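Please examine the sequence and the model displayed below. The paragraphs that follow treat aromatic contacts, salt bridges, surface patches and backbone features in turn.

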Amino acid sequence: MPVDNRAFDFLRVNDRPDKPREKGITEIRGPYYDPMGPRELRDLLETMGHYVDIYKFSGGSFALMPEDAVRELIDTCHEFDVAVSTGGFIEHVLVADNEHVEDYVVEAGELGFDIVEISSGFLAIDVDDIVSLTELVVDHGLKAKPEINVQFGAGGASSEEELLEETQQDPALAIDEGRRHLDAGAYKLMVEAEGITESVTDWRTDVAYQIATELGIENCVFEAPGPEMFEWYIKNFGPNVNLFIDNSQIVECECMRSGLWGKKSTWGRITSYGE
């Protein structure tokens with residue numbers, strides 16, 4: 001559905017489902033590389049809020065802020081129909097404050113978070129245990145968004161050299177874990193970029209295709225922390241693929257999704273068809 005009173009509304013743009021979207025989701029990074037205070041967030045959402053579906057706190061940044069500031073950021077997102085995610089901080093809680101995992105989920109709900117991401121890129125943990133976290137989040141009335149990956153040590157902005165020292169995992173294991181999370185009631189699956197398109201010598205695009213085919217592209221949100229990455233996903237999976245990007249890239253990404261703009265290999269080629 002188009003934006004109401006869109007400037008230059010005679011120009012064609014690709015069809016975008018209206019909110020709440022189940023496909024074509026764009027999740028953006030909130031406080032981490034960018035402090036992203038409430039005034040900056042409001043500016044972003046007043047201009048591009050129609051195209052933002054999820055706002056993700058990263059790195060446990062919420063634990064550094066006054067509670068009122070966290071609530072203001074969350075309330076601002078909700079004003080623009082944007083869901084709010086904790087990011088994958090739960091893996092820190094599992095290691096540092098294991099007895100407070102449920103407290104973490106409870107407080108997330110009390111503060112107004114909609115989604116609890118469940119990541120385990122740095123953890124050696126049984127699949128049964130990590131799936132039980134999805135069940136815990138769902139039992140508390142929040143949306144569980146587990147992360148699956150094929151690279152141990154993923155999720156911490158590790159260098160390519162550091163990741164090469166770690167092991168890569170069989171994609172079949174990630175796919176099996178993803179199925180179990182979906183069976184346990186997961187909302188979506190975050191597909192970690194490291195090991196696929198980030199911090200690798202050669203992109204493992206075969207893994208992206210395998211995950212999309214086996215788990216259902218509609219169930220996946222692909223991390224694409226760079227224009228060359230989200231261009232690849234849009235070019236190969238279409239303009240309504242679910243993506244996680246940096247907040248600074250929302251305009252470039254949406255211009256590409258809409259078919260208004262592109263790079264050499266996508267210029268004039270991204271389109272949609274709907275009655």
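Which residues do ring pairs link into a cluster? The members are Tyr55, Phe57, Phe62, Phe89, Tyr104 and Phe113. The model is predicted, so local features are given only at pLDDT of at least 70 and side-chain atom pairs only at pLDDT 80 or more, while totals for chains, interfaces and linings use all residues. Residues are numbered from 1 along each chain as its sequence is written, and side-chain values use heavy atoms, with hydrogens and water left out.

A pair of aromatic rings is described by the distance of the centres and the angle of the planes. Here rings of Phe, Tyr and Trp (its six-membered ring) are paired if their centres lie within 6.5 Å; planes under 30 degrees apart are called stacked, those over 60 edge-to-face, and the rest tilted. The whole structure contains 17 aromatic pairs. One of them joins phenylalanine 89 to tyrosine 104 in a tilted arrangement, at 6.3 Å centre to centre and 50 degrees between the planes. Phenylalanine 89 lies in the loop between β3 (83–85) and α3 (90–96) and tyrosine 104 in helix α4, so this pair ties together parts that are 15 residues apart in sequence. Helices (H or I, at least four residues) and strands (E, at least two) are DSSP runs numbered from the N terminus. Tyrosine 104 is buried at 12% relative accessibility, where buried means under 20% relative accessible area, exposed means over 50%, and partly exposed lies in between (1.4 Å probe, protein chains only).

The rings of tyrosine 233 and phenylalanine 237 form another tilted pair, because their centres are 5.9 Å apart and their planes stand at 45 degrees. Both residues belong to helix α9 (residues 227–237), and being 4 residues apart they are separated by about one helical turn. Tyrosine 233 is buried, with a relative accessible area of 1%, and phenylalanine 237 also counts as buried, at 19%.

Side chains of opposite charge can pair when their charged atoms come close. A salt bridge is counted where a side-chain nitrogen of Lys or Arg is within 4 Å of a carboxyl oxygen of Asp or Glu, and the structure holds 12 of them. In one, arginine 16 meets glutamate 254 at 2.8 Å, N to O. Arginine 16 is buried at 4% relative accessibility, as is glutamate 254 at 3%. The two residues also belong to a salt-bridge network with Arg257.

Aspartate 246 and arginine 29 form a further salt bridge, at 2.7 Å from N to O. Aspartate 246 lies in the loop between β8 (243–245) and α10, and arginine 29 in strand β1, so the pair ties together parts that are 217 residues apart in sequence. Aspartate 246 is buried at 14%, and arginine 29 is buried at 11%. By contrast, the salt bridge between lysine 263 and glutamate 252 (3.2 Å, N to O) involves residues that are partly exposed, with lysine 263 at 33% relative accessibility and glutamate 252 at 32%.

Patches are made of residues with over 30% relative accessible area and no salt bridge, like charges being joined within 9 Å and nonpolar side chains (Val, Leu, Ile, Met, Phe, Trp, Tyr) within 5 Å. Asp97, Glu99, Glu102, Asp103, Glu107, Glu110, Glu135 and Asp139 gather in a patch of negative charge. Two elements, α4 (101–111) and α5 (127–139), each give two or more residues to this patch, and α4 gives the most, with 4. Glutamate 135, found in helix α5, is partly exposed at 39% relative accessibility.

A nonpolar surface patch consists of Phe8, Phe10, Leu11, Leu260, Trp261 and Trp267, with about 770 Å² of accessible area together. Tryptophan 261, placed in the segment after α10 (250–258), is exposed at 57%.

Phenylalanine 8 is exposed as well, with a relative accessible area of 57%, and its phi is near 55 degrees, a positive value in a residue other than glycine. Methionine 36 likewise has a positive phi, near 50 degrees. Methionine 36 sits in the loop between β1 and α1 (38–48) and is buried at 1%. Finally, a cis peptide bond joins lysine 19 and proline 20, with omega about -5 degrees; proline 20 lies in the segment before β1 (26–29).

Notes:
Areas by Shrake-Rupley, 256 points an atom, 1.4 Å probe, with all protein chains shown as cover. Lys, Arg positive; Asp, Glu negative; His and termini not counted. Charge placed at Lys NZ, Arg CZ, Asp CG, Glu CD.
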